Number of protein chains: 2
Amino acid sequence: MNIDLLDKQYFNKPFIILANGQYPSHPAALNKLHTAGTIICTDGSANKLLENGLTPNVIIGDMDSTTVGQDSFKGLYVKISDQDNTDLDKALEWCKVNSLSQLTVLGTSQLREDHTIGNLMLLANYSEELDINFVTDYFTITCHHGKRSFTSFKQQLVSLLPVEDIKSITTEGLEFPLIDELFPLSSRGISNRATGHQFIISSSGKIWVFRSHSE
Amino acid sequence: MNIDLLDKQYFNKPFIILANGQYPSHPAALNKLHTAGTIICTDGSANKLLENGLTPNVIIGDMDSTTVGQDSFKGLYVKISDQDNTDLDKALEWCKVNSLSQLTVLGTSQLREDHTIGNLMLLANYSEELDINFVTDYFTITCHHGKRSFTSFKQQLVSLLPVEDIKSITTEGLEFPLIDELFPLSSRGISNRATGHQFIISSSGKIWVFRSHSE
């Protein structure tokens, strides 16, 4: 369903997707939910949101997990039956089609590890077209290639993990700098630290950037 | 330290590494700990093991987290200071050098997501030289390329995730078969099911295979 058919004013920023991993507990993540303009749930996560006293604006998925019925739900109920992709994939595709391009996604991790990795692969794939932050109880996670700067705080934990074998990466403003280095699939970019209020990454290939919360 | 210098009989099979993610709670994972011949802890995981009433045989890492002191510890204490790799990387490298080639690794996931992904990348890198199973509260996770068969049970949850873009993958014995297909980085291989007592995967590139526990 394309929401051009609906009143677009219905959807207010900021747009939050709640995926069906562990419900957030860190204040940085919970705050995103409580200040959301629009909360989009992926199937079973609607149950968790309701149990926590909040109501989804949109529910998207194959609807084999949520106990919220289409008839009783006052928001937008988008049933997409397709076994080739996950409910978060369906939700991101729906956001892309409907030009909801700035997204914070919660509940992407913990519980089943296949979902945690699969969700990060979705972040890598959609990050070329959408501006997506995953916010977990530990990190804000984004995915990039090319050059990008980030605001930071001194001693902020910053982990870099390559999505693919990277031919050249250079960083500025991190405690352990990388200078035009190869960055193959490995765990060696874990637990770097920001040295000040900004760091810059220039990467020829896609990397996941994990930034710890400020408190 | 190379244990050729020591009495190799000291190390009994099965070899278990406990990494510093969440301590296991599923019986399938706990049983591995309780029937271990040798338990190797990565730095801080030694504390968790001792809190749970078990004693490590080996502790490996940069030793910035464990409260176990070298003087009081009766097992093998292998301090390796190297900020380029994680404690699990150090432990796997040590096992490789010392020909401990069949390894079950616990505590690889949950908690910090950068460690979860980094640990899976280590599995991908070391699986060419070592026979490694990650056992979590949800899955046994392995990494392969080429052709391999797996014992299974009907309706066992099997998720396949590509480590790299795969040019050709074929499966037998899974509910949603793949036949000489491209398998790019995505979440589409999640939540397949075994149809019987065996399934076979032939893949031209590396994949992670997630198999659910039998109970």
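Modeller: Happy to! Let me start with a term: a salt bridge here is a side-chain nitrogen of Lys or Arg within 4 Å of a carboxyl oxygen of Asp or Glu. By that rule, the count between chain B and chain A is zero salt bridges. Please keep in mind that this is a predicted model.

What does join the chains, then? Polar contacts are found across the interface of chain B and chain A, in 14 residue pairs with both partners at pLDDT 80 or more. As for the residues taking part, 35 residues of chain B are in contact with 35 residues of chain A. Together the two chains bury about 3100 Å², and carbon and sulfur atoms give 62% of that area. On the chain B side, the residues that lose the most area to chain A are E113(B), D114(B) and M121(B), which together make up 21% of what that side buries.

Now for the elements behind that surface. Those of chain B that give two or more residues to the side touching chain A are α4 (113–126), β7 (139–151), β8 (157–162) and β12 (198–212). The largest share comes from α4(B), with nine residues. Sorted by class, the chain B side that touches chain A holds 17 nonpolar, 12 polar and six charged residues.

For your contrast, let us turn to chain A on its own. Its domain assignment gives domain 1 (10–137) and domain 2 (143–212). Eight residues from domain 1 of chain A and six residues from domain 2 of chain A make the contact. Taken over C-alpha atoms, the centres of these two domains of chain A are 27 Å apart. The area buried between them is about 550 Å², with 58% from carbon and sulfur atoms. In domain 1 of chain A, the residues losing the most area to domain 2 are L120(A), A124(A) and E128(A), together 58% of what that side buries.

Here the salt-bridge count is one, between domain 1 and domain 2 of chain A. A salt bridge links the side chains of K206(A) and E128(A), at 3.1 Å from N to O. The two domains of chain A also have three residue pairs in polar contact, both partners at pLDDT 80 or more. On the side of domain 1 of chain A that touches domain 2, helix α4 (residues 113–126) of chain A gives the most, with five residues. That side has four nonpolar, three polar and one charged residues.

Notes: Residues are numbered from 1 along each chain as its sequence is written. Chains are lettered from A and ligands numbered from 1 in the order in which they are written. This is a predicted model: local features need pLDDT of at least 70, side-chain atom pairs count only at pLDDT 80 or more; totals for chains, interfaces and linings use all residues. Side-chain values use heavy atoms; hydrogens and water are left out. Domain bounds come from an automatic or database domain assignment. Contact means heavy atoms within 4.5 Å. Buried area is the accessible area (1.4 Å probe) that two parts lose on being put together, summed over both. A polar contact is a pair of N or O atoms within 3.5 Å; within protein, one must be able to donate a hydrogen and the other to accept it, and residues adjacent in sequence count only if both atoms are side-chain atoms. Helices (H or I, at least four residues) and strands (E, at least two) are DSSP runs, numbered from the N terminus. Ala, Val, Leu, Ile, Met, Phe, Trp, Tyr, Cys and Pro count as nonpolar, Asp, Glu, Lys and Arg as charged, and the others, Gly among them, as polar.
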